[in-house]
Amino acid sequence: MTRALGIHGVRNYRAGDADPEAGATRLRAAWAAALGPDSGLDLRTAYYADLLRGQRQGDQLDEAEAEFVTRWAAAWGVDTSAVQGRATGWLRWVCGQVAQRAGAAPAVVERAVRLFFPEVTRYFGAPARERVLDRVVRALERHRPRIVIAHSLGSVVAYEALHRLPEPRVDLFLTLGSPLALPAAIFDRLQPPPVAGLGARPPGVARWVNVADVGDFVAVPRGRLARVFAGVESVDDISVAPLWPHNVLDYLGHSVVRDILAVPRGQ
């Protein structure tokens, strides 16, 4: 079987996770079930959700989170300066504008924003980023996967972690619903930083495939990732789930993803 490591995205902390290993075991079971018993993968998962856990009173975004939303909305062509303030009404208006452009329900877009941006903001703060990367790098060193599957924010973590390994020797780096190409908010904050507007494929990665649902509000701008990173194969014309197009289990169960994972079989 081929060794594989899954790296999760946002909102994966559960109160029942007594320690990181418990969280990793829970996620491994869910991902393995989505992939099916015939995946041919010896799957493990790296867990870091506890390190980005927040304690929020109410659901209003703070200033740093709102700034991320502003940059995300700009990728959709929305000028957020048209509405004053950053209160709940502002976020609802922004999400409504994005939903109109995406042909989606405003409530679904708003839910995606509230789930995604708080943890992204915490990841790019200190010292959370180093703690997360340290744990994921150790998981990569321990499991020595030939395939790395990374979803959502996990694709950002995986990208930076793989760059920290001298010789990761990864046959396939599969990113799902990735925000890596989001200008300013994420792309320009990556380590190592882009050079002349281009990001570098992690050393030792033989093949990088990016898959994004056509309606995934996190994986924007559509098609940009393959243009700003060298040597990326992009599949961004599929639909994994019309109502909630960012769920990792829907990605993992899609026939396109299963076909991609069936390619490398070396030990």
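Helices here are DSSP runs of H or I with at least four residues, strands are runs of E with at least two, and both are numbered from the N terminus. On that basis, the protein chain has 9 helices and 6 strands.

Some ground rules. This is a predicted model, where local features need pLDDT of at least 70, side-chain atom pairs count only at pLDDT 80 or more, and totals for chains, interfaces and linings use all residues. Residues are numbered from 1 along each chain as its sequence is written, and side-chain values use heavy atoms, with hydrogens and water left out.

Overall form next. The C-alpha atoms fill a box of roughly 55 × 40 × 35 Å along the principal axes. The radius of gyration, taken over C-alpha atoms, is 18 Å. A compact globule of 267 residues would come out near 18 Å, so the chain agrees. That rule is 2.2 Å times the number of residues to the power 0.38.

How much of the chain is buried? Of the 267 residues, 52%. Buried means under 20% relative accessible area, exposed means over 50%, and partly exposed is in between, with a 1.4 Å probe and protein chains only.

Now contacts, meaning heavy atoms within 4.5 Å. Take those between residues at least 6 apart in sequence: 74% join residues at least 24 apart.

On to salt bridges. Side chains of opposite charge can pair when their charged atoms come close. We count a side-chain nitrogen of Lys or Arg within 4 Å of a carboxyl oxygen of Asp or Glu. The structure holds 12 salt bridges.

Start with arginine 258 and aspartate 38. Their closest N and O atoms are 2.9 Å apart. Arginine 258 sits in helix α9, residues 255-261, and aspartate 38 in the loop between α1 (20-35) and β2 (41-46). This pair links distant parts of the chain, 220 residues apart. Arginine 258 is partly exposed at 30%. Aspartate 38 is exposed at 56%.

Which residue pairs with arginine 135? Aspartate 50 does, with the closest N and O atoms 2.6 Å apart. Aspartate 50 lies in the loop between β2 and α2 (63-75), and arginine 135 in helix α5 (residues 128-143), so the pair ties together parts 85 residues apart in sequence. Arginine 135 is buried at 18%, while aspartate 50 is partly exposed at 27%.

Another bridge joins arginine 44 and aspartate 42, at 2.7 Å from N to O. Arginine 44 is partly exposed at 27%. Aspartate 42 is partly exposed, also at 27%.

Last, a network: salt bridges link Arg92, Glu110 and Arg114.
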